[in-house]
Amino acid sequence: MDDERATSGRTRRRAKPLDRTRLEELALAYVARFATSSGKLRAYLRRKLRERGYVEGEDADVEELVSRYAEKGYVDDEAYGRARASELTARGYGARRVEQSLRAAGIGEDLRHDLEPGEGVRRQAALVLARKRRFGPFGQPLGGAPDEVRKLKEKRLAAMVRAGHEFDHARRVLEARTIEELEEWVAETPDESL
């Protein structure tokens, strides 16, 4: 099917190239609709410019627009990063996945480092994932052939590591005998930032 034609058989009109006013309207609509970071806003505006182009003779200053919106408080990287990090750890993701998500959102390295979850939050996130996926003491006792049990343990360990947890934390959660043992492990953390 031709790109010029929609499925209904009508000819699709090409979108007009963006001008400064329309670019600002797109940016404002984006930040009004989504909690976002300056990096995500920048990527959105650049994508729109690639798709539609820009009016000749004018300069599309995306950086100036993004910095102006940050100054006005429409975009706040720290608030976005803090909310995103909190959301991911509450869902059971580890520090590495949090860092990857913040990097993908365009959060700067210093801010990513400041928002890195503490030890207590990391342990709590590992516990949440284990409870959600029924790993360790939250699941059924492993039975069967020793080779099958070993493979299942390896799969679960790999799943926790892929979710961003440290190897030692994942192993500790999977080898725990009781839920109380894990809860004590989380509670004994010197970090009070749970």
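**Helix contacts in a predicted model**

Let me start with a pair of helices: the axes of helix α4 (residues 77–90) and helix α5 (residues 95–104) come within 10 Å of each other and cross at roughly 145°, where axes are lines fitted to C-alpha atoms, for helices over the stretch in contact, and angles run from 0 to 180 degrees between N-to-C directions. Helices here are DSSP runs (H or I, at least four residues), numbered from the N terminus.

Residues are numbered from 1 along each chain as its sequence is written, and side-chain values use heavy atoms, with hydrogens and water left out.

On the α4 side, Gly81, Arg84, Ala85, Leu88 and Thr89 meet Arg97, Val98, Ser101 and Leu102 of α5, contact being heavy atoms within 4.5 Å.

Thr89, which lies in α4, deserves a moment of its own. Is Thr89 buried or exposed? Thr89 counts as buried because its relative accessibility is 12%, and buried means under 20% relative accessible area, with a 1.4 Å probe and protein chains only. Leaving aside neighbours within four places in sequence, Thr89 is in contact with Val98, Pro117, Val121 and Ala125.

The second pair is helix α7 (residues 119–133) and helix α10 (residues 179–187), whose axes come within 9 Å and cross at roughly 160°. That angle makes α7 roughly antiparallel to α10, a term used for angles over 145 degrees. The crossing of α7 and α10 is left-handed, and their contact is made by Arg123, Gln124, Leu127 and Arg131 of α7 together with Leu182, Glu183, Trp185 and Val186 of α10.

Finally, we come to helix α2 (residues 38–52), which has 15 residues and reaches 21 Å from its first C-alpha to its last, close to the 21 Å expected at 1.5 Å a residue, the expected span being 1.5 Å times one less than the number of residues. Buried in α2 are Ser38, Gly39, Leu41, Tyr44, Leu45, Lys48 and Leu49, and what covers these buried residues includes α1 (20–33), α3 (62–72) and α4. After α2 comes Gly53, whose phi is positive, near 80°.

Note on methods:
This is a predicted model: local features need pLDDT of at least 70, side-chain atom pairs count only at pLDDT 80 or more; totals for chains, interfaces and linings use all residues. Helices (H or I, at least four residues) and strands (E, at least two) are DSSP runs, numbered from the N terminus. Angles under 35 degrees count as roughly parallel, over 145 as roughly antiparallel, 65 to 115 as roughly perpendicular and the rest as oblique. A crossing is left-handed if the near helix is turned anticlockwise from the far one by less than a right angle, and right-handed if clockwise. Buried means under 20% relative accessible area, exposed over 50%, partly exposed in between (1.4 Å probe, protein chains only).
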